[in-house]
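Hello,

Here is the structure I promised to pass on to you. Please open it alongside this message, and my notes follow below.

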Amino acid sequence: MATPEIKKYWQNFVDGEWCDGATNERIVVENPATGEMLAEVARAMPADVDRAVAAARRRFNARTLIDMRPMARGALLLEIAAQMRAMAEEIALAECLDNGKTLAAGKNEAMAASRYFSYYGGATDKIEGRMIPLGAGYVDYTVPAPYGVSVQIVPWNFPLQIAARSVACALATGNTVVLKSPELSPLSCYFIAEACKRAGVPDGAVNVLCGYGHDTGAAMVSHKDVDHIVFTGSLKTGQFILRAAAERIIPCVMELGGKSAGIVFPDADLDQVAASTAIGIFTNAGQVCSAASRLVVHRSRHDEVVAKIAAKARALSIGPGIDGKDLGPLISGAQRDKVEAMCLAAQQEGAEAVTGGRRVDGLPGYFMQPTVFTGVKPDMTMAREEVFGPVLTVQVYDDPDEAIALANGTDYGLCAGVYTKDLRQAHWAADRLVAGQVFVNEWFAGGIETPFGGTKRSGYGREKGQEALLSYVQTKNVGIRIDGSGGGRPGG
Ligand code: NAD
């Protein structure tokens with residue numbers, strides 16, 4: 001398919017206005033399916049961070065969102081959701097061209113983003129405090145109070161959905177936002193700004209910047225007037241941000257990487273395992289934090305499982321998302337090179353690539369073959385480190401305790417899976433798996449309503465579901481002495 005046209009220059013959104021960056025510089029955005037320049041975006045600099053944070057601070061201090069009737073705040077979010085839906089086709093094209101997704105997957109992103117705003121729009125009038133009995137003469141209650149200015153930094157793999165889940169939660173609870181889109185795939189985040197503008201969100205409540213991490217991102221997380229940080233991205237960047245946050249004791253939500261394993265018990269339905277795992281590891285070319293990147297299989301079923309998944313991998317069509325292919329490109333040449341280097345290193349360490357293991361030759365973009373590794377030992381890098389590409393690692397176990405030890409045997413703890421027909425076995429394993437989310441018999445079971453987040457080095461705090469709201473408020477207790485006498489009896 002010929003590549004459709006897309007807007008060639010995108011600006012930042014500060015205090016309700018589209019604007020260039022302070023130095024008028026631009027960031028070039030590539031189409032990863034072709035390696036060609038797709039568009040340019042205004043490069044935000046630390047001076048732009050200052051302006052955006054100041055706008056968000058003014059709006060927060062004006063108490064516009066906090067003082068609104070909660071149902072009116074909810075209606076505002078529902079209107080953002082409607083505006084996102086109305087732009088779904090444009091969003092799909094942006095996600096397809098700057099990210100490598102198919103148009104259908106891009107449309108899913110738009111609809112999911114819209115749904116975050118409607119889900120949390122429905123929650124605004126249900127965020128309640130508690131009344132705490134202190135006896136006669138006192139009234140005591142808690143208030144779930146917003147933090148203030150929330151800065152949010154998102155990665156390139158699902159920029160729109162990830163931004164939407166955080167921005168929606170922040171607005172629902174009365175915070176104001178400065179969002180940084182990822183420099184490699186920034187386009188879809190601008191639609192959040194556009195939807196907010198069209199929906200009548202007060203100026204300054206949502207600001208969207210695109211800049212590089214080392215200067216703009218760093219300026220955001222160390223800014224003196226920021227109250228809350230939501231970061232989704234790599235472990236290394238997360239550690240940097242936590243050090244900056246520690247200086248000023250800023251609360252953070254940390255959504256970091258994963259190396260999630262699915263355990264295949266001997267009684268599992270292997271067609272279900274193969275189908276679910278293929279979706280879990282090849283969706284978005286494996287650039288998914290919650291990817292099913294490892295399978296821990298009982299020895300008695302190993303060869304059968306591997307054959308089924310390898311067949312699925314070989315059957316995938318590879319090419320640009322705009323052509324509707326099953327497996328799109330990795331986000332950049334650097335990412336493709338990193339994934340390929342990890343695959344070559346795994347082979348040198350003794351792992352066997354049953355299928356794949358190399359880049360795709362003959363296509364102009366950054367494509368990697370769908371890959372299945374066997375013979376992977378727990379101490380190999382391939383078993384421990386996140387690849388962030390279409391690469392599955394299969395490990396073998398003999399008894400259930402060993403399966404749990406292998407699944408839990410990395411520094412990460414984002415997701416885990418269990419495949420079995422025996423629910424007692426599923427519960428037994430789910431209890432022992434150290435992960436924020438456990439999928440039984442379907443990878444990615446769940447959605448916007450189900451809490452999501454990490455344990456161990458996958459981070460902390462929760463996004464999605466009602467639990468996420470707790471990451472955006474802090475409890476304030478108000479204790480009131482009604483009067484000085486015994487219980488306030490009239491005339492007493
Ligand atoms: P990254 O950490 O390189 O970048 C993420 C964002 O942080 C980008 O916007 C980048 O500009 C910014 N950044 C970089 N350096 C910064 C700094 N010093 N200060 C402030 N901001 C900075 O991650 P990535 O490569 O874009 O994304 C891939 C990673 O994200 C993977 O590890 C993946 O598992 C993780 N991820 C996690 C989740 C989740 O919900 N847990 C979801 C998606 C991706």
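A polar contact here is a pair of N or O atoms within 3.5 Å; inside the protein, one of the two must be able to donate a hydrogen and the other to accept it, and residues adjacent in sequence count only if both atoms are side-chain atoms. Please keep in mind that this is a predicted model.

Let me begin with the domains. Domain 1 covers 9–256 + 458–476, while domain 2 runs over 261–440. Taken over C-alpha atoms, their centres are 31 Å apart. Domain 1 puts 23 residues into the contact, and domain 2 puts in 23 residues.

Next, the interface itself. The size of an interface is often given as the accessible area lost when the parts come together. Between domain 1 and domain 2 the buried area is about 1800 Å², with carbon and sulfur atoms giving 64% of it. What holds for polar contacts and salt bridges there? By the rule above, 8 residue pairs, both residues at pLDDT 80 or more, are in polar contact across the interface of domain 1 and domain 2, whereas the salt bridge count between these domains is 0. On the side of domain 1 that touches domain 2, helix α4 (residues 88–99) gives the most, with 5 residues. That side of domain 1 is made up of 11 nonpolar, 8 polar and 4 charged residues.

Finally, the ligand. Among the 28 residues around the ligand, those that come nearest are Glu 183, Ser 234, Thr 237, Leu 256 and Glu 386. For Glu 386, a polar side-chain atom lies 2.5 Å from an oxygen atom of the ligand. Leu 256 has a polar backbone atom 2.8 Å from a ligand nitrogen atom, and a backbone N or O atom of Ala 218 is 3.4 Å from a nitrogen atom of the ligand.

Happy viewing, and best wishes

Methods: Residues numbered from 1 in each chain as written. Predicted model: local features only at pLDDT ≥ 70, side-chain atom pairs only at ≥ 80, totals over all residues. Heavy atoms only, no water. Domains from an automatic or database assignment. Contact = heavy atoms within 4.5 Å. Buried area = accessible area lost by both parts, 1.4 Å probe. Salt bridge = Lys/Arg side-chain N within 4 Å of Asp/Glu carboxyl O. Helix = DSSP H or I, 4+ residues; strand = E, 2+ residues; numbered from the N terminus. Nonpolar A, V, L, I, M, F, W, Y, C, P; charged D, E, K, R; others polar. Near = heavy atom within 4 Å.
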